[in-house]
Each structure stands twice: as structure tokens, then as C-alpha cells.
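Here are my notes on the model, point by point. Please read them with the structure open.

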Amino acid sequence: MARGTALRLRGEFREDTAKALAQRLIELGKGAEIFDDALVSRLGPAAGLACRLLVRNGVFVVIVSEHVEPDCECKCIALDPHDTPDFAAEKILDMLAHENLVSIESHDYSPDEEEEIRRRLADIGYIE
Amino acid sequence: MGNRSKRLLVIGLDCATPQFVFGPERFELPNLARLMSEGCWGPMQTCHPPITVPAWAVMMSSKDPGTLGVYGFRNRADYSYNGMTTANAAAIKEPRLWDILSQHGKKSVVLAVPQTYPVKPVNGWLVGGFLTPDTKTAYTYPKSLKTELEREVGEYIIDVKDFRTEDRHGLLKRIYALMENRFAQAEYLIRTRPWDFFMMVEMGVDRLHHAFWRFTDPSHPLFEPDNEFRAVIRDYYQAVDRRIGNLLQHVDEDTAILVVSDHGARAMHGGVCLNEWLMRQGYLVLQETLEGRKRIEDCSIDWSRTRAWGSGGYYGRIFFNVEGREPNGVVPAASYEAFRSKMIEEIEGMKGPDGSLLGNKVYRPQELYANVRGIAPDLFVYFGNLAWRSVGSVGFSDVFTFENDTGPDDADHDFHGIFILRDASARTGKVYPVVNILDIAPTLLDILGVPIPSDMQGRVLQ
């Protein structure tokens, strides 16, 4: 099973960034859970253990609550206040990709799209 | 230069041409005129080739096309005979302005700038340019922006559909619809996003020139004085000027404003059938007898006897069939340069239909660029210095043609675009004889107080 990891986000827009990051991780086929104050409160003293179990099962745990100490290794990320949450999430994904924890897709034209663009460029006159 | 601006708005008008904005017969464009009087301006010298791709990427990276490894819309992916790929965003490996600004915590809105599809993350919001294949694709960053824009502004009009048509009234409506759609998106984004850098590109000016130039320019061979479309280019420029005026209402005095184009336009006098010429000179040999016109890509070529072939468009590109480089190369590598010099001499000596020199310009990539990356054409050709387009198809009865086999097209590109900058610097009041496209990105970074990467090839405008 692929590894998960625990990430603790710190910064003004950590909750929005966590949502954007979890969404992107899910798009990339990964499991993701956000540990915010509400979830940590519901889990109570078991929250740290829950982190470890999820990570062990390949889930990316994104922690934005200060009221939990995960019972496993956790990367702490200080968010740049100038970044949009989406861009901050992409920077984190880049870091995860660098550590081979995720593989970021590189989208290019399909053969049909390539032909559609070629036809359109010829129609406009840029090419023949 | 000092006196930096807090924000920067770039309004790109693809193909907007100096004669209509700066020249003695310029149109009445009050908003652009105000920016000129409050700022600095001049014609902008674009890159080789003077084409949308690569020009906007050159402008935003301050790297020449050779350094980018992008020589036009379609580039050779390898040395095979048919390995051509479209140069979309994935082809641009150098950072563009918004990439650099993202690294410095500046937020950008990038709207419909060419070569931004497939979209890449930016610290801000991005809508892919006209190389977006379809609105079904994920053409925005972040993805959620697509739904929001379609809900608030309407469907994204990527480009003018059915461009090759004799129905000029319908075409004009579609060009206006493209422009209105782009400015509506811009006005929505400029109001709703906390940006430091905002850039949009309007493609309609380019489409308008190609479709209607003959009706405006008395020097065009097909010009008729009393035609019903005589004023459409002027009217369109004035409509764009009004939309710019609306957009400017959303920015304050601390915002620097650049209105810029990637190249200009000029009358197209006809086409030079490049591959017909190569065949007649004995450089290109087909294995088939032609019955009618045909794209060169669809022809059966005798590569064992072919030394060069070309591709068409607003400029010509010639590729040599070199021994040890192409699969069935016949031009000995040792005589490559001699062969290239001979061909330059022959093309520059080409005479037009009236028997006088056509005035062709031919360039080796190595003399144009600081680096030649990827696979460049062996020669760039500007027929009549861009008064004539390059026709790549074969099956014509002559080397020269006065019709476009893909439909009406009145204009070719020109080397000078427009540059109008209003900022808080000492440049105010200057009229530049010419502004180099490579100088734009460093100047914009300087305006925003962001360090200029040392490998940019331009300099800050003084």
C-alpha cells in the first residue's frame, strides 16, 4: 500500500488551504482527511491515534487544529500569507511529489485535441 | 526607475498595429490617447517570427524564441518528417512574469494569454488562452474558477468560429462577441479578485485585421473605395477603446497600466508557394503526379531526391534533409552551410510577378537568437518582408498566388506592435522610437519592485 503522511498547516488561511489540498489529493487518487477542531473534538483523546492509523493506511492527514498531537511523524508547513489557498496547496503537492508521495499529472493534448487545434490554426491562417 | 506602482494591469491586444493608434491617420481612441498623454509610448519591435506564438511568451519571459525553443505554433518534435507538435503552455519551460511574481508572493490574474493551456498553477487565477481545445476541458486555475466564470459571465468564447467565410457580417458579429466576452470576463475578475498583476489578451483585433484589412487600407490590392466595411476596423478599435475605458474605472492611480500588442499588421499582397518554388528549383521531389492542390504533409515525397521542404503560414520555414540528421537525409553535413548560403541567395534574389525583386528576407536561426534550443527551421523566410504569405500547399500553376486556398485573408503580420505604459516613473512623457519586446518583462518587474532574474535578455526601459 502507498504511504500516507500527516501534514500540519500553520498560517492565516490554513483551513481554506487544507480544503484545497484535500480536494487535489482526492483528484490524484489519494485518500485525504482534514483534522480540524470539530473533528478533533469528536475524536477526543483518540485523535492522535486516528492520525497514525489513517497514515498507516495510505491516507494524507491534513491537520489544521492545534488541539491534536499526531501519534506519528508529521510535517509542519508554515503557509506564506501572500499565497492563495489553491496555490499554497499546489506548493505542498510539489513538495509531496518531490518526496515521491504523490505523482502530479501532466495534462497535454489528446490526439483528437491536437488535431482540433491544428485544424483551427490552419483555419485562422497561422499554419496550413 | 523608482516610484514603483502597487499594482499592474496589462491589456494585450493581439496584432494591434501602430498605424491605427500612433500614426498620422490614427483613429480617435480617447482612452488610449489619455494613457499616452499621461505615460510613455512607442512602436514595439517584436521577435522573429512576428507571430502570436511565440511572441507573447517572449514578451512575458524576456527570452527570445530560440531560448524558449519555440519557433511558431507548430514545431518539430524530432528529426522525422512528420513529427510536428503544437507549442502550447507545456512547451514553455522558462518562467513567465506571473511565475516569477508567484514566487514573490504577488497574486496574478492571467486571462486568455496565449500559451497558457494546459493550465499550470499560479498564485492567483488563470484562464487558458485560445489554444484551449474545448470548453469541456479544465481551462482554468483553479478548476472552480471555470464554473464561477460560466455562471457569472457566460460560456467562454475561446476564439472566433468559422473564420474562413465570405459571410463577413456574421464573422464581424462573432469577432465582436469574442471581444465582449473577454472584456466581460476581465471586468468580473478585476472586481472580484485581490490581484497585484492582472493581464488579459484580446484576440479579436488580430482576427479583424485578417478578415477586413482590404476594406480599410487603400494600399491593399483588393481595396475598393466605397465598400460597406470601410469603417469596421476603426469602429472595432473604438469599441475596444470604450471597453478599455470601462476596465480602467476599476483601477486607481497607484495601478500601472500597459496596453501592448505582440505584433502589428500590414496588407497582404498575395502568397508565394514555397514548396512549388522548391520543386521548380529541384530541391523538392514528389513521388506522385498532382491532381489539384494538396497540403505538403499529405504528399508522397521522394526523400532520396529531396534536399529541402517548407511550411506555410504568415512566414515561411524551410527544413533541410540532412545526411545523418533526417532519416533519409541527402544534404551532406559537410556542405550544410554552403547549401544554406546558396538557398538564402536564391530566395533573396526571387523576383515577383512584375519582374522586380520581391524583397524577401531570409534568416538563419543562429543569427537571430542567443540560443537555438529544440529543433529550429533551417531558414526563416519573410516573403516581400511579410507583404506576401508563405503557401505550403502544392498543385498551383504558378509560384505566386493571389488567392488563399483556405479562404479570405487580407493581412499579414508586421514587426511593430504597440506599447503604451502609464506608471509613476520618470518615463512619463517619453515617446520611444522603438521598444524591444524583450524589455517589457524586466520593466514590469521593476515597476512592481520585484528583482529581475539575471538571465532575462532585456533591460528596464529608461
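1. Which strands form a hairpin with four residues between them, and which residue in the turn has a positive phi? They are E12(B) and E13(B), and the turn residue is Gly313(B), with a phi of about 140°. Strands (E, at least two residues) and helices (H or I, at least four) are DSSP runs, numbered from the N terminus.

2. Ground rules. This is a predicted model: local features need pLDDT of at least 70, side-chain atom pairs count only at pLDDT 80 or more, and totals for chains, interfaces and linings use all residues. Residues are numbered from 1 along each chain as its sequence is written, chains are lettered from A and ligands numbered from 1 in the order in which they are written, and side-chain values use heavy atoms, with hydrogens and water left out.

3. E12(B) and strand E13 (residues 316-320) of chain B pair in the antiparallel sense, over four bridges. Two strands count as paired if DSSP finds at least two bridges between them. Trp309(B) stands opposite Phe319(B). Ala308(B) faces Phe320(B) as its opposite number in E13(B).

4. Four strands of chain B form an open sheet, in the order E12-E13-E15-E14, with antiparallel pairing. Strand E12 (308-311) and strand E14 (361-363) of chain B are the edges; each has a single partner strand, so one side of each has no neighbour in the sheet. The twist averages 25° from one strand to the next. E13(B) is joined to E15(B) by three antiparallel bridges. Arg317(B) has Phe380(B) in E15(B) as its bridge partner.

5. Burial of E13(B). Five of its five residues are buried, so E13(B) is largely enclosed by the rest of the structure. Buried means under 20% relative accessible area, exposed over 50%, partly exposed in between (1.4 Å probe, protein chains only). Both faces are covered: Gly316(B), Ile318(B) and Phe320(B) lie on one side, Arg317(B) and Phe319(B) on the other. Note that Arg317(B) is among the buried residues.

6. Helix H11 (residues 336-348) of chain B lies across E12, E13, E14 and strand E15 (379-382) of chain B. H11(B) runs at about 150° to E13(B). Axes are lines fitted to C-alpha atoms, for helices over the stretch in contact, and angles run from 0 to 180 degrees between N-to-C directions.

7. The nine-stranded sheet. This open sheet in chain B has the order E7-E6-E5-E8-E1-E9-E19-E2-E20, with mixed pairing. Its edge strands are E7 and strand E20 (435-436) of chain B, each pairing on one side only. Strand E2 (residues 40-45) of chain B runs parallel to E20(B), joined by two bridges. Gln45(B) stands opposite Asn436(B) there.

8. E8(B) and its partners. Six of the six residues of E8(B) are buried, so the strand is largely enclosed by the rest of the structure. Phe197(B), Met199(B) and Val201(B) point one way; Phe198(B), Met200(B) and Glu202(B) point the other way. E1(B) runs parallel to E8(B), with six bridges, and Leu8(B) stands opposite Phe197(B). E5(B) also pairs with E8(B) in the parallel sense, over four bridges. Val110(B) stands opposite Met199(B).

9. Ser108(B). This residue sits in strand E5 of chain B. Ser108(B) is buried, at a relative accessible area of 0%. Leaving aside neighbours within four places in sequence, its contacts (heavy atoms within 4.5 Å) include Trp98(B), Leu101(B), Trp125(B) and Phe197(B).

10. Helix H7 (residues 168-192) of chain B lies across strand E1 (7-13), strand E5 (108-113), E6 and strand E8 (197-202) of chain B, at about 170° to E8(B). Helix H6 (residues 144-152) of chain B lies across strand E6 (124-128) and E7 of chain B, at about 70° to E6(B).
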